[in-house]
Amino acid sequence: MRYDTQPTLEQRYQIYGCRQTGFNQSETALPLRMNQSTISRELRRHCGGRPRPAQAWCEARCHPSHAPRS
């Protein structure tokens, strides 16, 4: 399993889609290769799992030196 600290926007859309179809946290985590605690934190912290507001919130609080490089 990967241990990234923040999901990408694409992963957030996948989390949202899985939750809308009724998957639980462990079923959502498996195809994304994430720990289910990461899914839990994402849902708890970010607007119930809606991807766009969550990504905007993360980008707003991200320090420029920690921004992903292209």
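Colleague: Why are H1 and H3 called roughly perpendicular to each other?

Modeller: The axes of helix H1 (residues 9-20) and H3 cross at roughly 85° and come within 11 Å, and because angles of 65 to 115 degrees count as roughly perpendicular, with those under 35 roughly parallel, those over 145 roughly antiparallel and the rest oblique, H1 and H3 are roughly perpendicular to each other. The axes are lines fitted to C-alpha atoms, for helices over the stretch in contact, and the angles run from 0 to 180 degrees between N-to-C directions. The contact itself (heavy atoms within 4.5 Å) is made by Arg-12, Ile-15 and Arg-19 of H1 together with Ile-39, Glu-42 and Leu-43 of H3.

Colleague: What are these coordinates, and how are the residues numbered?

Modeller: This is a predicted model, in which local features need pLDDT of at least 70 and side-chain atom pairs count only at pLDDT 80 or more, while totals for chains, interfaces and linings use all residues. Residues are numbered from 1 along each chain as its sequence is written, and side-chain values use heavy atoms, with hydrogens and water left out.

Colleague: What makes a stretch of the chain a helix here?

Colleague: Why does Thr-28 count as buried?

Modeller: Buried means under 20% relative accessible area, exposed over 50% and partly exposed in between, with a 1.4 Å probe and protein chains only, so Thr-28, at 0% relative accessibility, counts as buried. Thr-28 lies in helix H2, and, leaving aside neighbours within four places in sequence, Thr-28 is in contact with Ile-15, Cys-18, Arg-19, Phe-23 and Ile-39.

Colleague: Is Arg-33 buried or exposed, and how do you know that?

Modeller: Arg-33 counts as exposed because its relative accessibility is 53%. Arg-33 sits in the loop between H2 and H3, and its phi is near 55°, a positive value in a residue other than glycine.

Colleague: What makes a group of residues a nonpolar core, and which residues form the largest one?

Modeller: A nonpolar core is a set of buried Ala, Val, Leu, Ile, Met, Phe, Trp, Tyr and Cys residues joined through side-chain atoms within 4.5 Å, and the largest has six residues, Ile-15, Ala-29, Leu-32, Met-34, Ile-39 and Leu-43. Helix H2 (25-32) and helix H3 (36-45) each supply at least two residues of this core.

Methods: Helix = DSSP H or I, 4+ residues; strand = E, 2+ residues; numbered from the N terminus.
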